[in-house]
Amino acid sequence: MSAPAFVVTGTDTGVGKTVFAAALTAALGASYWKPVQAGLDADGRGDSAEVARLAGLSDRRILPESYVLHTPCSPHLAAEIDRTTIVPERLALPETDGPLVIEGAGGALVPLTRSLLYADVFAHWQVPAIIVARTALGTINHSLLTIEALRARAVPIHGIAFVGDANEDSEATICEMGEVARLGRLPRLERLEPTPLAIAFSRGFRMEDFGA
Ligand SMILES: Nc1ncnc2c1ncn2[C@@H]1O[C@H](COP(=O)(O)OP(=O)(O)OP(=O)(O)O)[C@@H](O)[C@H]1O
Ligand SMILES: C[C@H](N)[C@H](N)CCCCCC(=O)O
Ligand SMILES: [Mg+2]
């Protein structure tokens, strides 16, 4: 059986994809790939650096981004500002010798160019997608829209991972009405450090749900 690979997408930007992806990468002993990074922090760090920190990964297990764009905005516009064009050929799935966790950018329907959405690339890859969703009010609509959009493009959905305070009815309603697997929930952590994150992940998720 080949090693599992997952795409971590979300209902929005800032929902916690990078934090969840770091926890999953650490738990699976996986490699991590952020194909398109739009915007870096003041120290020039992007999501790959944060995953390396939170998952305690060696550089060998962080695959290089295909595009690092300067402006923290939608990738299609960030690429235009940098006078480049995101081409699907540079988004070919990399070969890895173990599990792979791939993080998108923003939500599933974020444009990479003015005629290509990230979800189109997910559909081409056919790698199971994990939707990261908030638990806060508004998440039912955002989550069900994301599920519909992925299904409309035949993107396989592995399940949904919630981030935030428990919200039993919203989480259950999304999974029942959206007919998706409820993978678990990461609470808001006061200290975003490797050990508390690994403990929260092991409490909130079952490894067998990720083929491990
Ligand atoms: N479980 C958590 N506990 C505490 N803080 C969190 C948690 N999840 C996310 N955060 C914080 O929320 C912010 C957004 O999270 P994150 O960077 O993971 O979002 P994202 O979905 O990856 O965004 P992007 O679309 O930019 O990739 C960050 O400051 C992060 O540290
Ligand atoms: C800049 C941000 N942190 C992400 N890298 C990109 C988010 C794109 C969102 C586009 C949109 O849905 O309006
Ligand atoms: Mg991120």
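Strands are taken here as DSSP runs of E of at least two residues, numbered from the N terminus. In the predicted model, one such run, strand β6, spans residues 100-103 and contains Glu 103. This residue is among the positions that UniProt, in an unreviewed entry, lists under "binding site", together with Thr 18 and Asp 47. Although these positions are spread over 86 residues of sequence, they cluster in space, the largest C-alpha distance being 8.8 Å.

The surroundings of two of these positions can be described further. Glu 103 has 26 other C-beta atoms within 10 Å and is therefore buried, the threshold being 20 or more. Thr 18, for its part, is found in helix α1, which covers residues 17-28, and counts as buried because 22 C-beta neighbours lie inside 10 Å. With the same exclusion of sequence neighbours, the contacts of Thr 18 are Asp 47, Glu 50, Val 51 and Glu 103.

Thr 18 is also found in the shell of ligand 1, which is surrounded by 16 residues, the closest being Thr 13, Gly 16, Lys 17, Thr 18 and Val 19. Helix α1 provides the largest share of this shell, with 3 residues. By class, the shell around ligand 1 comprises 7 nonpolar, 6 polar and 3 charged residues. Around ligand 2 lie Thr 13, Ala 38, Gly 39, Pro 72, Cys 73, Ser 74, Ala 105, Gly 106, Gly 107 and Val 110. The shell of ligand 2 divides into 5 nonpolar and 5 polar residues, with no charged residue.

Helix α6, formed by residues 168-178, includes the buried residues Ser 170, Glu 171, Ile 174 and Gly 178. Viewed down the axis of α6, the buried residues fall within an arc of 100°, and they therefore line one face of the helix. The elements that cover these buried residues include strands β9 (129-134), β10 (157-163) and β11 (182-186), as well as helix α5 (139-152). On the face of α6 turned away from the buried side, the exposed residues are Glu 168, Asp 169, Ala 172, Glu 176 and Met 177. Just after α6, Glu 179 adopts a positive phi of about 50°.

Definitions and conventions: Residues numbered from 1 in each chain as written. Chains lettered and ligands numbered in written order. Predicted model: local features only at pLDDT ≥ 70, side-chain atom pairs only at ≥ 80, totals over all residues. UniProt positions renumbered as here; feature names shortened; annotations may be inferred. Helix = DSSP H or I, 4+ residues; strand = E, 2+ residues; numbered from the N terminus. Buried ≥ 20, exposed ≤ 12 C-beta atoms within 10 Å, placed from the backbone. Contact = placed C-beta atoms within 7 Å. Near = placed C-beta within 6 Å. Nonpolar A, V, L, I, M, F, W, Y, C, P; charged D, E, K, R; others polar. Arc of directions from axis to C-beta. Lists of a residue's contacts leave out its neighbours within four places in sequence.
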